[in-house]
Amino acid sequence: MSEIWEFYENLNEIVYVADMDTHEIIYMNPKACEVFGIRDREKVKGKKCYEVLQRHSGPCEFCTNSVLKPGFFHEWEIYNPVLKKSFKLKDTMVETDGRRCRMELAIDMSIQEEQKKTIQKYTSNESMVNEGLRLALAEPRPERSLEVLLAYLGEHLKSERVYIFEENEDGTLDNTFEWCGSGVVPQKEVLQKVPFEVVSLWYHTFKKNKNVIIQDVEAIREEDPLAYEYLKPQNIHTLVVSPLVDNGKIIGFYGVDNPPGEQLDHISMLFWIVGHFIVSLLRRRMLVNRLERLSMYDQLTGLGNRHAMKEYQESLSDKESLGVLYCDVMGLKYVNDTMGHQEGDQLLVRVCECLNRQFGDYALFRIGGDEFLGLCPGIGRKELEHRIALLDQDMEENDAGMALGYVWEPEYSGGFEHLLIESDRRMYEDKRRRKNAKKKERSGK
């Protein structure tokens, strides 16, 4: 179980997991334990969530279990009388080992309120900032909140472009969010993998707790030629750039191009405050993505699960060819029973690697303990059969046997369940054929 929840250990947000049928707590991350004053979290496992979190003697009347389902998130707000704080909650159902689990992420709304108070204290344009944050926080997803906030800043600061750059693991930077004014050519697509050297002087300024303010880009031609070479072709004359800092570490920056020159100092002050909100939204985007991945992807193989398959199937285009490949791992139960589940997991990983080598450019899913599915839109019949032959050979070479069944339609027009049933039927035919072949091989010896 720890492998599923372990990446929540160091998050600065409250996360807990409870059994939806028994209300027993399965997991609480360190932040949750800190907030609720729990010194030994092992002692709360098995206790009722309503007892620990709400001090209730029975299930809460506002419990959202009845509306939760895998692959979807229910957002709501509540005041916790134990902590005397309001929280924004994001709940989802995760099914694991036959158990329906409620996973809840809690965001302390009082932090946002404190941030708003800080803005009101330090900016001369309180109403503009508060309205921008209100609009951004009203959006259901962090990505959309960031887009709305950048658009609001760009329009009210009378600038041409507002953007966010985030660091990559290799030290380069990507332009991940961008708003452009009317008639301004977007730059996001070309500003990917920007070498760190281009903004290295900016980082020296950031580390001094200062923003980069350029009143005339021509003034940096000699002192910062690398940055100049990037800025000049974009027709940038003035800009303000502010670091994005998370837990004391710079994770990127955000900036505004060509705002009015007389507003540069005011914008710089404003950006120090707004940057905290942007970092918070970036962090929550990561949390939401992880939650969604947990709900939509198989943890062992990294392939999509049944929920992901259903979503993908609903997006398939009509009038396009479609190949459906149904696979069943041979001998998984025997391996689990005789050699242990770790060896069984290794068999599943080998099978997944074979599938990825031959069908990795199409959609692959693990839809059961030993069942895999490949959906290949746009594939030709000969190409599908050729890849299946290669897959068969790959499995033989890597001791990863599967029974295979496939169907192909020249023009898909719905009826997905029929294709699934037919490919499943053919898979069982192939399974019988492979078992009989093995019996004959043994008897021949």
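Student: Which residue forms a salt bridge with Lys249?
Tutor: In this predicted model, Lys249 pairs with Glu167, and the closest N and O atoms are 3.8 Å apart. A salt bridge here is a side-chain nitrogen of Lys or Arg within 4 Å of a carboxyl oxygen of Asp or Glu.

Student: Where do Lys249 and Glu167 lie?
Tutor: Lys249 is in strand S10 and Glu167 in strand S6, so the pair ties together parts 82 residues apart in sequence. Strands (E, at least two residues) and helices (H or I, at least four) are DSSP runs numbered from the N terminus.

Student: What about the numbering and the confidence limits?
Tutor: Residues are numbered from 1 along each chain as its sequence is written. Local features need pLDDT of at least 70 and side-chain atom pairs count only at pLDDT 80 or more, while totals for chains, interfaces and linings use all residues, and side-chain values use heavy atoms, with hydrogens and water left out.

Student: Turning to the largest nonpolar core, which residues have the most contacts inside it?
Tutor: They are Ile164 and Ile278, in a core of 26 residues. Such a core is a set of buried Ala, Val, Leu, Ile, Met, Phe, Trp, Tyr and Cys residues joined through side-chain atoms within 4.5 Å.

Student: Which residues does Ile278 touch?
Tutor: Not counting residues up to four places away in sequence, Ile278 touches Leu146, Leu149, Ile164, Leu244 and Tyr254. Contact means heavy atoms within 4.5 Å.

Student: And helix H13, which of its residues are buried?
Tutor: They are Leu384, Arg387, Ile388, Leu391, Asp394 and Met395. Seen down the axis of H13, these buried residues fall within an arc of 120 degrees, so they line one face of the helix. The arc is that of the directions from the helix axis to the C-beta atoms.

Student: What does the face turned away from the buried side carry?
Tutor: That face of H13 carries the exposed residues Lys382, Glu396 and Glu397.

Terms used: Buried means under 20% relative accessible area, exposed over 50%, partly exposed in between (1.4 Å probe, protein chains only).
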